[in-house]
Amino acid sequence: MSYDFALAWRILPELLQGTAVTLAVVALPLVFGMLISVPITLARLSSNPVLVSAAWSFTTVFRGAPALVVVYLIYYGAPTLGFVRNTILWAVFSEPYYCAVIGLTLNHAGFLTEVIRGALQAVPHNLIEAAKSLGLTRRLVFVKITVPLAIRYGLSAYLNEIILFVKGTAIVGAITVTDLLAVANETVSTTYDLITPLVSAAVIYWVLVQILRAIFIRLERHLSQHLDLDGGTRDDRGSSIGRSL
Amino acid sequence: MGILSFDDMGYGDELIAGLFVTISLALLGFVLALTLGVVLGVVALSHNRLMQGFWRTYASIFMGVPSLLIIFFLFYNAPTIVEAITSVHIDVSAFSVGVTSLGIVYAAYVAEVIRGAVHNIPAGQFDAARALGLHKLYRWWFIVLPQAWRIALPGTTNVWMALLKDTALISLVGLTDVVRMANIASGATKQPFIFFAFAGLSFIVFSALTMFGAEQLERWANRGQERAKGF
């Protein structure tokens with residue numbers, strides 16, 4: 001058996017539909033993940049012990065448990081809770097897509113908090129002290145000095161996390177969300193071709209990852225153009241954090 | 001309620017059996033990943049353009065495609081592949097598909113860690129070894145390896161943790177690991193929370209144990225190194 005181009009062409013529309021679902025399953029957790037990660041990271045770096053341990057527990061749990069288990073827990077677990085079944089929440093939790101989004105958001109956020117923490121901590125301390133000694137308020141120091149630098153330092157770690165996250169979304173087929181991999185799997189069973197659908201899906205995933213990579217390389221170059229790094233060594237601080245693979 | 005008991009009524013024994021499957025899958029997969037990864041790392045470090053091309057392609061494929069897809073692909077095609085190579089037909093178990101696919105995928109990450117570690121060794125070390133006239137093998141064994149493994153340690157720990165969690169994916173091709181056991185048990189008892197929480201917690205505990213062990217190992221490996229103070 002080998003790759004069947006005619007079949008690949010025929011199933012392309014379905015695969016693209018699956019790709020759209022994959023993108024939808026990626027997009028919302030990226031946004032929500034960022035929204036909840038920032039406050040959690042700030043809690044983690046705060047001096048309040050309660051906030052610190054709450055943030056630490058969040059990160060430990062959702063980095064430690066496989067995304068599949070988290071998604072299962074939400075998909076199968078939520079309907080057993082009375083207050084979910086009997087309220088408006090049911091509209092959300094009865095829909096596999098939203099269960100996937102919630103589970104993946106938690107998983108993504110667990111890793112993202114570490115990326116953000118690493119990036120914030122990579123900002124040299126003397127820069128912050130210099131800004132303080134110039135009389136900038138704490139808020140101004142954070143907004144004008146820490147954040148812009150942290151974004152640059154954290155960019156490559158963030159890219160690594162997003163790539164792993166996008167690949168990780170392939171599990172949503174397990175809770176009946178028909179993403180790209182689930183569509184490919186269905187076509188395997190309808191066409192009895194064990195190679196073409198999966199290889200085609202692999203190519204699409206691969207292209208998605210390369211597009212992400214290209215966007216981030218652009219962004220990184222744009223954010224560090226003042227450093228004139230082309231050809232020189234790349235500033236890799238903050239890159240070995242988070243999933244760091 | 002005795003749903004977690006170890007007799008025929010409870011799922012305690014099934015869950016523990018599932019845990020053993022998960023751990024042995026992770027360990028075997030990791031051993032395979034390390035072995036393949038070292039070979040790939042050597043390929044990645046070579047200056048031969050053909051070898052470089054092979055490494056780039058391998059890394060690009062296995063880092064750019066979901067591991068679940070690789071698992072499904074191998075699960076469907078492994079019997080054909082094995083038959084093509086050995087001309088013997090054997091039924092391939094979900095477990096062996098799991099070990100192979102995790103090994104193949106994570107070998108790319110291991111090789112990347114090794115490559116990074118070797119690149120982090122100061123060029124002067126290579127020059128000095130060469131200036132002393134050390135044979136290539138001596139140079140690698142006595143100069144590069146003792147320094148590189150220390151640098152590679154945190155990255156290797158990360159690979160292990162990611163691989164451990166990815167064993168959950170093999171449950172989707174029917175392996176009766178802890179996740180699948182939890183799935184079966186929650187379907188039968190209508191108590192999903194307790195079983196999936198158990199599965200999740202066992203992964204979290206493994207990760208915590210790994211982190212603790214890795215910290216000790218790193219401290220031991222870096223015992224001769226002076227660390228920058230104040231951090």
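Just after helix α7 of chain B, Lys190(B) adopts a positive phi of about 60 degrees. The model is a predicted one, in which local features need pLDDT of at least 70, side-chain atom pairs count only at pLDDT 80 or more, and totals for chains, interfaces and linings use all residues. Residues are numbered from 1 along each chain as its sequence is written, and chains are lettered from A and ligands numbered from 1 in the order in which they are written.

Chain B contains 8 helices and 0 strands, where helices (H or I, at least four residues) and strands (E, at least two) are DSSP runs numbered from the N terminus. The C-alpha trace of chain B spans about 70 × 55 × 25 Å along its principal axes. Of its 231 residues, 37% are buried; a residue is buried if 20 or more other C-beta atoms, placed from the backbone, lie within 10 Å of its own, exposed if 12 or fewer, and partly exposed in between. Chain A has 10 helices and 0 strands, and its C-alpha trace spans about 70 × 55 × 25 Å along its principal axes. Of the 245 residues of chain A, 42% count as buried.

Contacts are assigned when the C-beta atoms of two residues, placed from the backbone, lie within 7 Å. Among contacts in chain A between residues at least 6 apart in sequence, 79% join residues at least 24 apart. In chain B, residues 24 or more positions apart account for 74% of the contacts with a separation of 6 or more.

The contact between the chains takes 33 residues from chain B and 33 residues from chain A. On the side of chain B that touches chain A, the elements giving two or more residues are α3, α6, α7 and α8 of chain B. The most comes from α8(B), with 10 residues. By class, this side of chain B has 22 nonpolar, 9 polar and 2 charged residues. Here Ala, Val, Leu, Ile, Met, Phe, Trp, Tyr, Cys and Pro count as nonpolar, Asp, Glu, Lys and Arg as charged, and the others, Gly among them, as polar.

Helix α10 of chain A (residues 196-223) packs with helix α3 of chain B (residues 67-86) at an angle of about 165 degrees, the axes being 10 Å apart. Axes are lines fitted to C-alpha atoms, for helices over the stretch in contact, and angles run from 0 to 180 degrees between N-to-C directions. α10(A) and α3(B) are therefore roughly antiparallel to each other, the cut-offs being under 35 degrees for roughly parallel, over 145 for roughly antiparallel, 65 to 115 for roughly perpendicular and the rest for oblique. Leu198(A), Ala201(A), Ala202(A) and Tyr205(A) of α10(A) make the contact with Leu69(B), Phe72(B) and Phe73(B) of α3(B). These residues divide into 7 nonpolar, no polar and no charged.

Within chain B, the axes of α3(B) and helix α6 (residues 136-170) come within 10 Å and cross at roughly 45 degrees, which makes α3(B) oblique to α6(B). Ser67(B), Leu68(B) and Ile71(B) in α3(B) meet Asp166(B), Leu169(B) and Ile170(B) in α6(B). This contact comprises 4 nonpolar, 1 polar and 1 charged residue.

The buried residues of α7(B), among them Val178(B), Arg180(B) and Asn183(B), pack against α3 (67-77) of chain A together with α1 (12-45), α6 and α8 (192-221) of chain B.
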